[in-house]
Amino acid sequence: MSRQIMIVDDSRLVRVQLEDVLKGTDYEVAAYCRSGEEAIEQYSTVKPDLVTMDIIMQGMDGLDAAEVILKHDPNARIVMVSSLAYDDTFERAKAIGAKGFVDKPFHQEQLLKVFEQALL
Amino acid sequence: MNTAMTKEELTQVLDQALQDVTERTAGVRLHQGDQPPGEDLCTVHITFDRGFNTSLTLCADTSLLARMARNSFHEDAVTQEDLEEFSKEYLNVLCGKVTGAMFRATQIPAHFGQPVFYHGRYEPEGQEVQFILTYSDEHSEGAQLIHHVPCSSEDGAGETKQEGHIK
């Protein structure tokens, strides 16, 4: 059975890249959200196995959105996908409860490895 | 704490980031050369508004950006809106990569604003060119990545206590 993924990213470029990378894998894109607010709204309806969350977006950023989602569902599996690869960003993502961090632009192998670890 | 990067270090960071991001996002290989873009070009400009008081400008042949956009979006043709959207997102990813490397070198978390797209060449006011990296691809289409710093008349504008600087 395929794993349902919710992509949260305001970049069309990244959405297309994620689709490419997930083609032919056990992952299926269940929903796209373009903002943190939309992700919070959609999460309980979509009930994805995994969320990929950008950090810098218009409105609420991805770290705040991840925190809200994890407060409502501590079992949520959220992987941050961002080009903001700073140590303090990693630390905050980890403190919130994100299951992984993928640096943009990503490789398929790297992304799938982080997904697998997040779903353990 | 070392809050400065040399121009040479930054040049290397920008060069690696540009080549990596371009190949991974658009499947285009750029190599450094000396042929600047032609007259039909577009510019995307982004300002570092925290951490470093500098800006980056990407000028590229419209045909090169259009091909990169087509490759990235898997479209046979792209509209002006697609071209603008791609160019801004491409520079965003590039700057993310660059700020990550700058952070590793200086421990200063830089922050950049929203990229702005222009048809033709754009030169930011109050800033001067520190250096230019010129690229071309196998179709002889060209691009330039330009690093701007505040004009030297604005004494020390890029070297406040909390910020890093490029020396």
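Okay, let's start at Ile78(A). If you skip its neighbours within four places in sequence, Ile78(A) is in contact with Val51(A), Met53(A), Ala66(A), Ile69(A), Leu70(A), Ala98(A) and Lys99(A). Keep in mind that this is a predicted model.

So where does that residue sit in the bigger picture? Ile78(A) belongs to the largest nonpolar core, which has 73 residues. It's one of those with the most contacts inside that core, along with Met53(A), Val79(A) and Leu94(B). Notice the chain letters there: three of those names are from chain A and one is from chain B. And which element gives the most to this core? That's H3(B), with nine residues.

Staying in chain A, let's look at helix H2, residues 36-46. Which of its residues are buried? Gly36(A), Ala39(A) and Tyr43(A). Look down the axis of H2(A) and those buried residues fall within an arc of 40 degrees, so they line one face of the helix. What's packed over them? The cover includes strands E1 (3-8), E2 (27-33) and E3 (50-53), plus helix H3 (62-72), of chain A. Turn to the other side of H2(A), and you find Glu41(A), Ser44(A) and Thr45(A), which are exposed. Then, just after the helix, Lys47(A) takes a positive phi of about 45 degrees.

One more residue on that helix, and that's Glu37(A), which is also in H2 of chain A. Buried or exposed, or something in between? Glu37(A) has 16 C-beta neighbours inside 10 Å, so it counts as partly exposed; the buried label would take 20 or more. Leaving out residues up to four places away in sequence, Glu37(A) touches Gly59(A) and Met60(A). With Met60(A), the separation is 23 residues along the sequence but 6.3 Å in space, C-alpha to C-alpha.

How many helices and strands does it have? Three helices and nine strands. Going along the sequence, the pattern reads β-α-β-β-β-α-α-β-β-β-β-β. The chain has 167 residues, and 43% of them are buried. If you take contacts in chain B between residues at least 6 apart in sequence, 68% join residues at least 24 apart.

On to the strands of chain B. E7(B), residues 127-136, runs antiparallel to E2(B), residues 31-32, and two bridges join them. Within that pair, His31(B) is set opposite Ser136(B). E7(B) also pairs with E8(B), residues 142-150, again in the antiparallel sense, this time over nine bridges. For a specific pair there, take Tyr135(B), whose bridge partner in E8(B) is Ala143(B). The E7(B) and E8(B) hairpin has five residues between its strands, and Ser140(B) takes a positive phi near 60 degrees.

Last topic: how the two chains meet. On the chain B side, 16 residues are in contact with 12 residues of chain A. Which elements of chain B give two or more residues to that side? Helices H1 (7-26), H2 (62-73) and H3 (80-106). The largest share, nine residues, comes from H3(B). By type, the chain B side splits into seven nonpolar residues, five polar and four charged.

Methods. Residues numbered from 1 in each chain as written. Chains lettered and ligands numbered in written order. Predicted model: local features only at pLDDT ≥ 70, side-chain atom pairs only at ≥ 80, totals over all residues. Contact = placed C-beta atoms within 7 Å. Helix = DSSP H or I, 4+ residues; strand = E, 2+ residues; numbered from the N terminus. Nonpolar A, V, L, I, M, F, W, Y, C, P; charged D, E, K, R; others polar. Core = buried A, V, L, I, M, F, W, Y, C linked by C-beta atoms within 7 Å. Buried ≥ 20, exposed ≤ 12 C-beta atoms within 10 Å, placed from the backbone. Arc of directions from axis to C-beta. Pairing = 2+ DSSP bridges.
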